[in-house]
Amino acid sequence: ASEFRQYMRPFLSLDPFSEKSKNHQYSVYSLYFDSPGFRLYQDTIEGARNRFKLRLRYYDDSGDGPVFAEVKKRNDQIVRKTRDRLDVAALAEVGDGQVHAVSNEFMERMMAVGARPTMRIRYRREAWECRGNSPVRITFDRDLEHSLPTSPGLRDECPSWLPTPLEGVVLEIKFTQLRPIWLQQMITHFQLDKQSIAKYVMSV
């Protein structure tokens with residue numbers, strides 16, 4: 001990870017959150033939703049070509065900061081994410097499994113599979129990015145932990161965080177259009193192989 005960081009410095013800069021965080025790493029929290037039979041987990045395990053995950057994403061253990069409802073969709077080799085910021089009223093209804101106050105893709109998919117809060121996950125993220133005609137975002141994720149939710153909301157009085165076994169650092173490379181030449185050269189230089197590292201699945 002250290003060698004990769006040095007190699008990419010001429011092309012990328014720290015994102016605003018990493019720039020102002022201690023050691024350039026900030027905490028990422030997710031509350032994942034799944035059906036009673038763990039259908040979304042099973043879809044990943046079985047390698048379904050078209051699958052999705054449901055999660056609330058936040059960056060503050062107290063849950064007092066901004067909260068986003070996210071749908072992460074995989075269609076064959078393409079991964080896309082939709083993200084909606086929730087207000088306090090909508091957040092409460094998501095946690096209670098109600099849907100009438102929020103009408104978006106998250107709630108529709110949640111209803112379709114009968115999803116409920118299943119697993120809390122947190123880790124530390126170091127994020128780099130470049131903007132322009134070919135935007136690229138590269139992240140390093142470390143210290144993955146998980147906890148079973150004891151309440152439907154984001155607040156958990158006594159979360160029992162446990163380490164999720166993970167060797168090394170998770171490197172994610174994200175781009176929305178064509179892969180820039182310098183990025184391809186970097187991937188070749190480090191002989192990187194694409195692989196699936198599903199934090200939710202590993203934690204379950």
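Trainee: Is Asp15 buried or exposed?
Mentor: Asp15 counts as buried, because its relative accessibility is 2% and buried means under 20%. Please keep in mind that this is a predicted model.

Trainee: Which residue does Asp15 form a salt bridge with?
Mentor: Its partner is Arg137, and the closest N and O atoms are 3.2 Å apart. The pair links distant parts of the chain, 122 residues apart: Asp15 lies in the loop between β1 (13-14) and α2 (16-19), and Arg137 lies in strand β7 (residues 136-147).

Trainee: And why does Arg137 count as partly exposed?
Mentor: Arg137 counts as partly exposed because its relative accessibility is 23%, and that class lies between the 20% and 50% cut-offs.

Trainee: Changing topic, how many salt bridges are there in the whole structure?
Mentor: A search of the whole structure finds 17. One of them joins Glu126 to Arg5, with the closest N and O atoms 2.7 Å apart. Glu126 belongs to strand β6 (residues 116-130) and Arg5 to helix α1 (residues 2-8), 121 residues apart.

Trainee: Are Glu126 and Arg5 buried or exposed?
Mentor: Glu126 and Arg5 are both buried. Glu126 also forms a salt bridge with Arg142, at 3.1 Å between the closest N and O atoms. That pair connects strand β6 with strand β7, 16 residues apart, and Arg142 is buried as well.

Trainee: Which residues do salt bridges with shared partners join into one network?
Mentor: That network consists of Arg125, Asp141, Glu172, Lys174 and Lys199.

Trainee: Lastly, how many helices and strands are in the protein?
Mentor: The protein has seven helices and nine strands. Of its 204 residues, 43% are buried.

Methods: Residues are numbered from 1 along each chain as its sequence is written. This is a predicted model: local features need pLDDT of at least 70, side-chain atom pairs count only at pLDDT 80 or more; totals for chains, interfaces and linings use all residues. Side-chain values use heavy atoms; hydrogens and water are left out. Helices (H or I, at least four residues) and strands (E, at least two) are DSSP runs, numbered from the N terminus. Buried means under 20% relative accessible area, exposed over 50%, partly exposed in between (1.4 Å probe, protein chains only). A salt bridge is a side-chain nitrogen of Lys or Arg within 4 Å of a carboxyl oxygen of Asp or Glu.
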